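I opened the notebook today to walk through this model one piece at a time. Here is what I looked up, in the order I went.

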Amino acid sequence: MFKKTFIFFLLFYYIFFKHPLISRADYSSLKIEYSQKLAEYNEAYSDYQIARGSYLTYKTLAALTQALEKSKTYLTKRDELIIKHFELLKEKSNSKIADGEITFYRSHLSLITAIATLKDIETVAKKAEDQIPISNVRSKQILGQILISKVQEINNSYSNIINETSGLEAKIMELKKSGKNTDKLERWLVEVKNKKMLCETLLAQVNDRLNALKGNSASVEKDFNEMRIDISQANLYLKEGANYIKEILEEIKYD
Amino acid sequence: MIDEWGNEIKENPFAAFKKKLLERRYLLAFLLGAAFFTLAAVQAIGFFVNRASPASTPNKAIPTISQISPRDQKKLSPLSTESGFLLLEENTATLSSQIDTIDLYESPLMFPPVNVKVSFGEK
């Protein structure tokens, strides 16, 4: 009886918590898995370099066997790391591009098992190496979209607040009619709307540049860093706008 | 005097110490009291210095209506006590904190540096 109950609970636990089709990994656990994959990749890369150096120096059968084995491990770990990276991006963005990349590297993994010679290794490795710069661009496009959508979300809240400021406009007009100098308040209110426009224009520009992103590794990194700065600037516009609203409220509060 | 004290300790150390403590009890009470008052004074100075220091309030924000004292609230304009105004104030404060805490780096999501060519051509 006890044995049966134990087996039942074990099966229940496996099906609902461990089976990959049912359990859905969340972002934080994926991040931990990614860190583990990165550590495994670094170790495999180091082993590959040692084995390669040893084979090119001694050219013995033992060195060749070792080089084959370590290279296969390195290629496997590299594919697994890239797959985990795109899984992480997918968790944040649900991007279809990430799906395509994951499929590519999964099918590439199956090629590694069939490797028998050093020539095979170079051929199979080249397939991934041709794809890696493309994957790098796609990864940056997804990440860029994630960052843009974060600022856009804040911009939506900002827009809602602007809609709520219609009462403030009426109040400013009221103050103006009563003979008070409201130039400063009116200017600030215009600035509040300007900041929204500036933010949206900048985000649209970054979006276009992201879609057109291509080129070699160095230029992609440079372009992406510039886009990151622009996305931060768009966020800064909203911050300035929010500060203007606060100032207006403060002025009116003690009127 | 010291010999007498030494002999007493040798004979019965506990009784000797008890006697000495009783002889010096006023001095001990005074020292304990002084230590207590010094500690209290240091704590009080620290409290007032921290309160007065601008460093203790680095993120001084504009106060919302609820944070203003009842006396100051009397000076507020009629509009500022309307529910729309309060909501606007609350929403702006929330928005500001969202803007400040947004993570626009997401370093773990950067593509890993894996572009190493596998080759056995040359060392």
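**Entry 1: chain B.** I began with burial in chain B, where 7% of the 123 residues count as buried. A caution for myself: this is a predicted model. For secondary structure, I found five helices and zero strands in chain B. Along the sequence, the pattern of chain B reads α-α-α-α-α.

**Entry 2: where the chains meet.** Next I checked how chain B sits against chain A: 32 residues of chain B are in contact with 57 residues of chain A. I sorted the chain B side of this contact by class and got 18 nonpolar, nine polar and five charged residues.

**Entry 3: the core.** Then I went looking for the largest nonpolar core, which holds 53 residues. The members that touch the most other members are A:Leu89, A:Ile231, A:Ile245 and A:Ile248. I noted which elements supply at least two residues each: among them are helix 2 (27-58), helix 3 (61-93) and helix 5 (118-164) of chain A, and helix 5 (83-101) of chain B also takes part. Which helix gives the most to this core? It is helix 8 of chain A, with 12 residues.

Setting aside residues up to four places away in sequence, A:Ile248 touches A:Leu168, A:Leu185, A:Trp188 and A:Leu189.

**Entry 4: a tyrosine on helix 8.** I stayed with helix 8 (residues 217-253) of chain A and picked out A:Tyr244, which lies in it. Is A:Tyr244 buried or exposed? I count A:Tyr244 as buried, because 20 other C-beta atoms lie within 10 Å and 20 or more is what buried requires. Beyond its neighbours within four places in sequence, A:Tyr244 is in contact with A:Trp188, A:Glu191 and A:Val192. I also checked A:Arg187, which is 57 residues from A:Tyr244 along the chain; their C-alpha atoms are separated by 9.7 Å.

**Entry 5: helix 5 against helix 8.** I turned to the pairing of helix 5 and helix 8 of chain A, whose axes come within 11 Å and cross at roughly 5°. These two helices of chain A are therefore roughly parallel to each other. The contact includes A:Leu147, A:Ile148 and A:Val151 from helix 5 of chain A, and A:Phe224, A:Met227 and A:Ile231 from helix 8 of chain A. By class, the residues of this contact are 15 nonpolar, six polar and one charged.

**Entry 6: helix 6 against helix 7.** Here the axes of helix 6 and helix 7 of chain A come within 10 Å and cross at roughly 160°. That angle makes helix 6 of chain A roughly antiparallel to helix 7 of chain A. I recorded the crossing of these two helices of chain A as left-handed. A:Leu168, A:Glu169 and A:Ile172 of helix 6 meet A:Leu185, A:Glu186 and A:Leu189 of helix 7.

**Entry 7: two positive phi angles.** Last, I looked at backbone angles. A:Lys59 is not a glycine, yet it has a positive phi of about 55°. A:Lys59 is in the loop between helix 2 and helix 3 of chain A, and is exposed, with 10 other C-beta atoms within 10 Å. B:Glu106, also not a glycine, has a positive phi of about 45°. B:Glu106 lies in the segment after helix 5 of chain B, and counts as partly exposed with 15 C-beta neighbours inside 10 Å.

How values were computed
Residues numbered from 1 in each chain as written. Chains lettered and ligands numbered in written order. Predicted model: local features only at pLDDT ≥ 70, side-chain atom pairs only at ≥ 80, totals over all residues. Helix = DSSP H or I, 4+ residues; strand = E, 2+ residues; numbered from the N terminus. Buried ≥ 20, exposed ≤ 12 C-beta atoms within 10 Å, placed from the backbone. Contact = placed C-beta atoms within 7 Å. Core = buried A, V, L, I, M, F, W, Y, C linked by C-beta atoms within 7 Å. Nonpolar A, V, L, I, M, F, W, Y, C, P; charged D, E, K, R; others polar. Axes fitted to C-alpha atoms, helices over the stretch in contact; angles between N-to-C directions. Parallel < 35°, antiparallel > 145°, perpendicular 65-115°, else oblique. Left-handed = near helix turned anticlockwise from the far one by under 90°.
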